Amino acid sequence: MPEGPELHLASRFVNRVCKGRVFTGRIVKSPVHKSDEVSFCAQAYIITAASRGKEMQLILSETEDTPKSLSKGKKRKLTELKSTRILFRFGMSGKFQFTTVSEVHKHAHLQFFTNDDPTMVLSHVDVRRFGRWEVDADWSKDRGPDPMFEYQPFRSNVVKNLESSAFDRPICEVLLNQKYFNGIGNYLRAEILYRLGIPPFEKARNVLKDLDENPPDVKPKMKGQDVKVKDKGPKVDILHLCHTVPLEVVNLGGGGYDPEGRSADYSKFNAWLQCYYQTGMNNVVDHNSRTIWFKGPAGPMAPKDMKSRSPVKRRKKKEAASAKDNESPTKKPKKTGAKMKVEGQSKRKTPNRRQARTKGLSAGRKPVQGTKDETKKVKNTPKQTKKQLQGVHDVKGYATRSKVTMNDLKNPKKTR
């Protein structure tokens, strides 16, 4: 599921591909998606993006500049007339792609068209359709400040509200409460708690009660490296890791989010993970049916009927497809001997049961065994005419569709 770092990477991607481009025409929405239509009418407009926690905004701004001037790279002052905001929540699989018209993903649910030649499309892709968008919407009021880029307001929001009943729950569940930890998701909470050795089912208030509203004076190392905690001097706390650990993901230079639609390279992201989905780690399903990964004791507030989930072996579709391509195609062995079809001869059909039953019957005569030339096959179907059934009344019960056994046909009795 996309978390704070992935939403921020998506906004950076949109700003990069839309820079210097002008969009035009109708905004196309997929008919299967339940979100609102975007009725933004403008002959020419530009697109910018911003993120905050697990939300992202597209800002559409009308401009008087001609589209062709921007597509050629000429720098001109843009005059903004009217604008609107579209607020996105990505759900489980949302992302943005920038492609040609012919390469648009089949699960693209919202499309914006440029005036380039050829026309390019910025599309919101969501395979599982758990994501949503709202038109003319601002950031949600029930979500707190962003831990990455609003660090001081984020700390203050948590420390000032520690008396709230929300902090009576286990720390692993509180970390997913977007009212206080906007942008923290399942893999981030596991990594944060693991680095500090905090049991996931420790009471949240006990973990956070001694923290200061001001951040500790530490300088974390970025680009995927851990924040080193020194014995001397100020130590990082859990709120500080909520700020630095997501930034490490942003600075990996690649990873789980691939906005350009290619098969993502997870090698850097997997090398960065220390706890989440790693071998040797424990996992427990919390009270909200979410799986928390950890090492050591679970904590005093662990569920009474602790359940764990076996890790699923993940294999990339691309690797599976390439493995099939490398395999030599297996051909079916040719039929030999009597099973081969000889040219000019047709396959002999095996007589069915009804044909065998009527074999030896001649129209107007008693069945005679072994005289093939004198026999005539009569089908016993309700649609037959009287003329077809005239000669078979000698056979006892045949025309009246009574039970006729094979013995009766082989040894016919004298008719009355």
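In which sense do strands E2 and E3 pair, and over how many bridges? In this predicted model, E2 (residues 45–52) and E3 (residues 55–63) are paired in the antiparallel sense, and eight bridges connect them. The two strands form a hairpin, with two residues between them. Gly53 lies in the turn and has a positive phi of about 65°. Within the pairing, Ser51 has Met56 of E3 as its bridge partner. Six of the eight residues of E2 are buried, and the strand is therefore largely enclosed by the rest of the structure.

Opposite Phe98 stands Leu122, a residue of E7.

The loop between strand E4 (80–89) and E5 contains Phe90. The relative accessible area of Phe90 is 2%, and values under 20% count as buried; Phe90 is therefore a buried residue. In sequence, Phe90 is 84 residues from Glu6, while in space the two are 9.6 Å apart, C-alpha to C-alpha.

Helix H7 (residues 238–250) packs against helix H5 (residues 186–196) at an angle of about 125°, and the axes are 10 Å apart. H5 and H7 are therefore oblique to each other. Their crossing is right-handed. On the H5 side, the contact is made by Tyr187, Leu188, Glu191, Ile192, Leu193, Arg195 and Leu196. The H7 side contributes Ile238, Leu241, Cys242, Val245, Pro246, Glu248 and Val249. Sorted by class, the contact of H5 with H7 comprises eleven nonpolar and three charged residues, with no polar ones.

H7 also meets helix H3 (residues 151–159); the axes of these two helices come within 11 Å and cross at roughly 145°. The crossing of H3 and H7 is right-handed. From H3, the residues in contact are Tyr151, Phe154, Arg155, Val158 and Val159, and from H7 they are Leu239, His240, Cys242 and His243. This contact has six nonpolar, two polar and one charged residues. Cys242 of H7 takes part in the contact with H5 and also in the contact with H3.

Note on methods
Residues are numbered from 1 along each chain as its sequence is written. This is a predicted model: local features need pLDDT of at least 70, side-chain atom pairs count only at pLDDT 80 or more; totals for chains, interfaces and linings use all residues. Side-chain values use heavy atoms; hydrogens and water are left out. Axes are lines fitted to C-alpha atoms, for helices over the stretch in contact, and angles run from 0 to 180 degrees between N-to-C directions. Helices (H or I, at least four residues) and strands (E, at least two) are DSSP runs, numbered from the N terminus. Angles under 35 degrees count as roughly parallel, over 145 as roughly antiparallel, 65 to 115 as roughly perpendicular and the rest as oblique. A crossing is left-handed if the near helix is turned anticlockwise from the far one by less than a right angle, and right-handed if clockwise. Contact means heavy atoms within 4.5 Å. Ala, Val, Leu, Ile, Met, Phe, Trp, Tyr, Cys and Pro count as nonpolar, Asp, Glu, Lys and Arg as charged, and the others, Gly among them, as polar. Two strands pair if DSSP finds at least two bridges between them. Buried means under 20% relative accessible area, exposed over 50%, partly exposed in between (1.4 Å probe, protein chains only).
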